[in-house]
Amino acid sequence: MRGPARRPADHAAHRAHSVAPPHPCACPVRVLADRHDGTVVRHGHLVVKAHAPGTGPALHARLTAAASPGLAGIVLRPLPGAPVEVSGRLLTCWPYGTPVDPAAPGAAPWEETATLLARLHQAPPSVLGQAPPPARGPEKAERALARLRTSPLRGAAREAVLAAGAAVSVPPARTGPAVCHGDLHLGQLVRDPEPGGGWVLIDVDDMGLGDPAWDLARPAAWFACGLMAPEDWVRFLGAYREAGGTAAGPPGEEWRRLDGPARALTAQIAAQALVKAEQAARPLDEDESAFVDACARMAPLPHGPALDAAT
């Protein structure tokens, strides 16, 4: 193992075995993610994440929230111990939980996800401390479009995505009344390894106060692009409302709240897809193409509550 994953892997081995084992370690070791904004390594029963540089004070507030009773059963609790700084990056430790199986989309826990979001949105803002960080959903959308804008990529797809992003007339909502996850997708759920544990949210790097509609924006974008079955979307919204979530408004009114954030997430995902495909010198896959095609349809459309008509 080389590069950015080496140091978190060493730290994971140290935390997994307080006393060095007498024989070579037989624990499963795997790099789960290795991106510019974070490297994640599993070592047996625990996971170590190397966070992006410059995440200090805000990350500490988010970790405190994740460990608080107010988010118990909603967000995975970090393992005890303060983050360790290595080469300018904070390393945090977490118990390993079984993720959603990407090969079984029909078994995706949409209703459980919706319930977790509703509970998170009703959590007291005080869990984030006296200086709560903002949820970073809007910021991530802007960064993705900025990376596409400065990339060497050219062509109709790039122009369509940038035009779609520029046409979104939604307030950025950097702060707001609710505790939000900030980067909700199915890869952000695992089974809590505690006995009897259910699904919980992971990855608190973007968690903070904000407009909870942004947490619903990605499922809304998937549905609008035809990548989420209508029955799953209906169950998702129903479970969210039943659990007390209010970000979608009453039945039949959801697009008045979700239209702008969903369009922004569509442009964000499409921009990320184009940049990644260009860097890897590969064509877009089917799902990525769906978001780029949606941007081509979105840009000339009026902004409003009828996004579902574009599916």
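Colleague: Where does Pro-80 lie?
Modeller: In the loop between helix H2 (56-66) and strand S4 (84-86). Keep in mind that this is a predicted model.

Colleague: Is Pro-80 buried or exposed?
Modeller: Exposed, because its relative accessible area is 67%, and the cut-off for exposed is over 50%.

Colleague: How far apart are Pro-80 and Ala-67 in space?
Modeller: The C-alpha to C-alpha distance is 8.8 Å, and 13 residues separate Pro-80 and Ala-67 in sequence.

Colleague: Next, the core. Which residues have the most contacts inside the largest nonpolar core?
Modeller: Leu-71, Val-75, Val-161, Met-207, Trp-233 and Phe-236, in a core of 73 residues. Helix H8 (residues 254-280) supplies the largest share of this core, with eleven residues.

Colleague: And what does Phe-236 touch, not counting residues up to four places away in sequence?
Modeller: On that count, Phe-236 touches Trp-110, Thr-113, Ala-114, Leu-117, Leu-216, Pro-219 and Met-228. There is also a second, separate core of five residues, which includes Val-48, Ala-50, Leu-91 and Cys-93.

Colleague: Val-161 was on your list. Which residues of helix H5 are buried?
Modeller: H5 covers residues 156-166, and its buried residues are Arg-158, Ala-160, Val-161, Leu-162, Ala-164 and Gly-165.

Colleague: What do the buried residues of H5 pack against?
Modeller: Against H4, H8 and helix H9 (286-298).

Colleague: Different topic. How many cavities of 30 Å³ or more does a search of the whole structure find?
Modeller: Three. The largest cavity holds about 100 Å³ of space.

Colleague: Which residues line the largest cavity?
Modeller: The lining is made up of Gly-137, Lys-140, Gly-182, Asp-183, Leu-184, Trp-214, Asp-215, Ala-217, Arg-218, Leu-265 and Gln-268. Helix H4 (137-150), helix H6 (213-224) and H8 each give two or more residues to that lining.

Colleague: Which element gives the most?
Modeller: H6, with four residues.

Colleague: Last one, Asp-192. Where is the place of Asp-192?
Modeller: In the loop between strand S7 (189-191) and strand S8 (199-201).

Colleague: What is the nearest side chain of opposite charge to Asp-192?
Modeller: Arg-77, which is 7.7 Å away. Asp-192 is buried but has no salt bridge.

Colleague: Then what does Asp-192 touch, not counting residues up to four places away in sequence?
Modeller: Leu-76, Gly-197, Gly-198 and Val-200.

Key
Residues numbered from 1 in each chain as written. Predicted model: local features only at pLDDT ≥ 70, side-chain atom pairs only at ≥ 80, totals over all residues. Heavy atoms only, no water. Core = buried A, V, L, I, M, F, W, Y, C linked by side-chain atoms within 4.5 Å. Buried < 20%, exposed > 50% of the residue type's maximum accessible area, 1.4 Å probe, protein only. Contact = heavy atoms within 4.5 Å. Lys, Arg positive; Asp, Glu negative; His and termini not counted. Salt bridge = Lys/Arg side-chain N within 4 Å of Asp/Glu carboxyl O. 1 Å grid on protein atoms, 1.4 Å probe; cavity = no way out; pocket = protein on both sides within 12 Å on 5 of 7 lines; lining within 4 Å. Points joined across faces, edges and corners; volume = space filled by probe spheres on them.
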